[in-house]
Amino acid sequence: MARGHMLTVCLMSVMLALSMSHFAESALQEGFYSAMCPQAEATLYNTLKDLTVNDPDLPAVLLRLHFHDCFVRGCDASVLLDVPKSEKTAPPNARLEGFNAVDRLKSAVESLCPGVVSCADILAFAARDSVVLTGGPGYNVPAGRRDGRVSSATEASKFLPDAQSKVPGLVANFANQGLSVEDMVVLSGAHTIGEAACHHIDSRIYDYPSKSGVDPNIPADYAKKLKKKCRERGLKDRTFDLDTSTDHKFDSQYYTNLIAKKGLLVSDQALFDDKSTKPLVEKHKKQAVFFEAFAKAMVKMGNIQVLEGTQGQIRKSCRSVNK
């Protein structure tokens, strides 16, 4: 083989390896802290349980925080950093909350085992525990993530899914993270808890290209509720439950709502309205099926571009990089 051809083949192999590294399996382990900090997971769960007593919305907040972290630079807790032009400052993260709760969780494990449990792992554990505390499935969380040193608002705006997205855009967005179409539909089921700002549905109840400005596919009773709560365009300080039937319960009601045309966001209802994903919505309205799939999809998402060993650090404060 000619030397030039061999060089070309080698370069192509290197490029392929680099392109696949984004989706490569990590070396995260279940029970990662069993020897180094055996009470870590139990302490995090109990601390979150106590916090939830006075803030029943916290589980949905922390679940969303983990999603928004993993979709930007991978699951590295970069979303928690307080630095100029950080992910927190990006428009898609304008209503992101839960940072004080993460501080409490970090403090709880630091008092047990200083410098051992990463902020990225805390987010992953907190997401799982949030699901459990609201009635959803428990699952083992592989751990061993390290915390990143960079946080970019530009990257957050580029990679986070948009509430106005239709299925092709959502599929492409999730595929960029190594997640399948079914993963996308299943992980969207996290909208069984939580809420969204009213301005995200302006396009459905005020600005839809119809005589009334309301999307005619929305049932009249649901549209009336939406307009009563979101009484005018552009409201960013008022919210509406993503699931009005069982808003604080993690269940499969989200999919039942979509079938009844009562998905809140454009990106929610699109999953049922698009013929390519409609069968997946119908499949996961069965709670046992959804719970099993959700647990697997969360573990898969939690493996996105994780930092290990010397690639990252274990922050002393989740809000700042170690000096």
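**Labels and their cut-offs**

Modeller: Arg73 lies in the loop between helix 3 and helix 4. Helices here are DSSP runs of H or I with at least four residues, strands are runs of E with at least two, and both are numbered from the N terminus. This is a predicted model, in which local features need pLDDT of at least 70 and side-chain atom pairs count only at pLDDT 80 or more, while totals for chains, interfaces and linings use all residues. Residues are numbered from 1 along each chain as its sequence is written, and side-chain values use heavy atoms, with hydrogens and water left out.

Biologist: Why does Arg73 count as partly exposed?

Modeller: Buried means under 20% relative accessible area, exposed means over 50%, and partly exposed is in between, with a 1.4 Å probe and protein chains only. Arg73 has 31% relative accessibility, so it is partly exposed. Its phi is near 65°, a positive value in a residue other than glycine.

Biologist: And Lys261, buried or partly exposed?

Modeller: Lys261 has a relative accessible area of 27%, so it is partly exposed. Lys261 sits in the loop between helix 11 and helix 12, and its phi is also positive, about 65°, although it is not a glycine.

Biologist: What makes Asn303 count as buried?

Modeller: The value for Asn303 is 16% relative accessibility, so Asn303 is buried. Asn303 belongs to the segment after helix 14 (287-301). Its C-alpha atom is 8.5 Å from that of Pro142, 161 residues away along the chain.

Biologist: How do you know that helix 12 is largely enclosed?

Modeller: Seven of the eight residues of helix 12 (residues 266-273) are buried, so the rest of the structure largely encloses this helix. The seven are Val266, Ser267, Asp268, Gln269, Ala270, Leu271 and Phe272. Among the elements covering them are helix 7 (167-175), helix 8 (181-188) and helix 13 (278-284), where contact means heavy atoms within 4.5 Å.

Biologist: What makes a space a cavity, and what makes it a pocket?

Modeller: On a 1 Å grid over the protein atoms alone, a cavity is a set of points where a 1.4 Å probe fits but cannot get out. A pocket is an open set with protein on both sides within 12 Å along at least five of seven lines, and lining residues have an atom within 4 Å of a point. Points are joined across faces, edges and corners, and a volume is the space filled by probe spheres set on the points. By this rule there is one cavity of 30 Å³ or more.

Biologist: Which residues line the largest cavity?

Modeller: The lining consists of His66, Ala124, Tyr139, Val141, Pro142, Arg145, Met298, Val299 and Gly302, around about 70 Å³ of space. By class, six are nonpolar, two polar and one charged. Ala, Val, Leu, Ile, Met, Phe, Trp, Tyr, Cys and Pro count as nonpolar, Asp, Glu, Lys and Arg as charged, and the others, Gly among them, as polar.

Biologist: How much space lies in the largest pocket, and which residues lie nearest its centre?

Modeller: About 1,200 Å³ lies in the largest pocket. Of its 44 lining residues, Arg64, His68, His191, Glu195 and Leu265 lie nearest the centre. Helix 3 contributes the most to this lining, seven residues. The classes are 22 nonpolar, 11 polar and 11 charged.
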